[in-house]
Amino acid sequence: MKKKLLLGLVAVPLVLLTSCLFVLQGFVVLDGNLGTGEKTLARFTLRPVTTETAKVFQFVVVGVDDGGDLKVGKATWGTNGKFGGPTRMPVSAPLPAAMTTSGDCSTSGFTFNDVTNTTWKAFLIEVRTRGKVNSKAVVDAVVTATAGATTGTSYPVIGVTGVWVDDGDTIVNGADTFICSGASTSSVFVH
């Protein structure tokens, strides 16, 4: 009986939290045709899913091919001046491995654990949803074609977003919950 009650109490905050997050409305690479050494932006367009106000730990994760021809640089939250931006998003190095361990990240036919041969870079920031469902938060992450990138090749770029729910120890790890609210792919051709 106690175990069922505890599971019920844990499920209630998760259900409430899933209605207080930003969902992916769009993901695009702004310039899909780069020379070696050139940069572009991987742009996430996010919107609150409800008119409720909540404080959440929103993440964006950018994935590029393991070959090292593309690199992900910094990310900026709210480049359009909304939801407390623009502000630099801190890198969260443990987040991709923790998402893989938890096995939680699945959305619209996309499962984070199923993606292979990809180098991930994750960013995590605490923000308020403010209930502004008619406003968008734009997040830009820098993507660079390295000087040694193989030319004449198209490379995938993957964008994933969602909310990190800590298990109480304030450390990003596989015991936490990751509610993914959108994933998409784009590409960069290196000429």
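1. In this predicted model, the largest nonpolar core comprises 38 residues, of which F44, L46, L70, W77, M89 and V157 touch the most other members. Two or more residues are contributed to this core by each of strand 1 (22-29), strand 3 (39-48), strand 4, strand 5 (70-77), strand 9 (118-128), strand 10 (137-145), strand 11 (153-165) and strand 12 (177-190). Another core, of 17 residues, lies apart from it; L95, A98, M99 and A122 are among its members. As general background, nonpolar side chains in soluble globular proteins tend to be buried together.

2. The structure holds one salt bridge. It is formed by the side chains of R43 and D140, with an N to O distance of 2.7 Å. The pair links distant parts of the chain, since R43 belongs to strand 3 and D140 to strand 10, 97 residues apart. In general, side chains of opposite charge can pair when their charged atoms come close.

3. The two partners of the bridge may be considered in terms of accessibility. D140 has a relative accessible area of 7% and is therefore buried, the limit for that class being under 20%. R43, at 27% relative accessibility, counts as partly exposed.

4. On the surface, a patch of positive charge is formed by K55, K82, R128, R130 and K132. Of these, K55 is placed in strand 4 (residues 55-65), and R130 is found in the loop between strand 9 and strand 10. K55 counts as partly exposed because its relative accessibility is 47%; R130 is likewise assigned to the partly exposed class, at 41%.

5. N117 is found in the loop between strand 8 (110-111) and strand 9. With a relative accessible area of 55%, N117 is exposed, because the class requires over 50%.

6. The peptide bond from G85 to P86 is cis, its omega being near 0 degrees. P86 is located in the loop between strand 5 and strand 6 (87-88).

Definitions and conventions: Residues are numbered from 1 along each chain as its sequence is written. This is a predicted model: local features need pLDDT of at least 70, side-chain atom pairs count only at pLDDT 80 or more; totals for chains, interfaces and linings use all residues. Side-chain values use heavy atoms; hydrogens and water are left out. Patches are made of residues with over 30% relative accessible area and no salt bridge: like charges are joined within 9 Å, nonpolar side chains (Val, Leu, Ile, Met, Phe, Trp, Tyr) within 5 Å. Accessible areas come from the Shrake-Rupley method with a 1.4 Å probe; for residues, only the protein chains shown count as cover. A salt bridge is a side-chain nitrogen of Lys or Arg within 4 Å of a carboxyl oxygen of Asp or Glu. Lys and Arg count as positive and Asp and Glu as negative; His and the chain ends are not counted. The place of a charge is taken as NZ of Lys, CZ of Arg, CG of Asp or CD of Glu. Helices (H or I, at least four residues) and strands (E, at least two) are DSSP runs, numbered from the N terminus. Buried means under 20% relative accessible area, exposed over 50%, partly exposed in between (1.4 Å probe, protein chains only). A nonpolar core is a set of buried Ala, Val, Leu, Ile, Met, Phe, Trp, Tyr and Cys residues joined through side-chain atoms within 4.5 Å.
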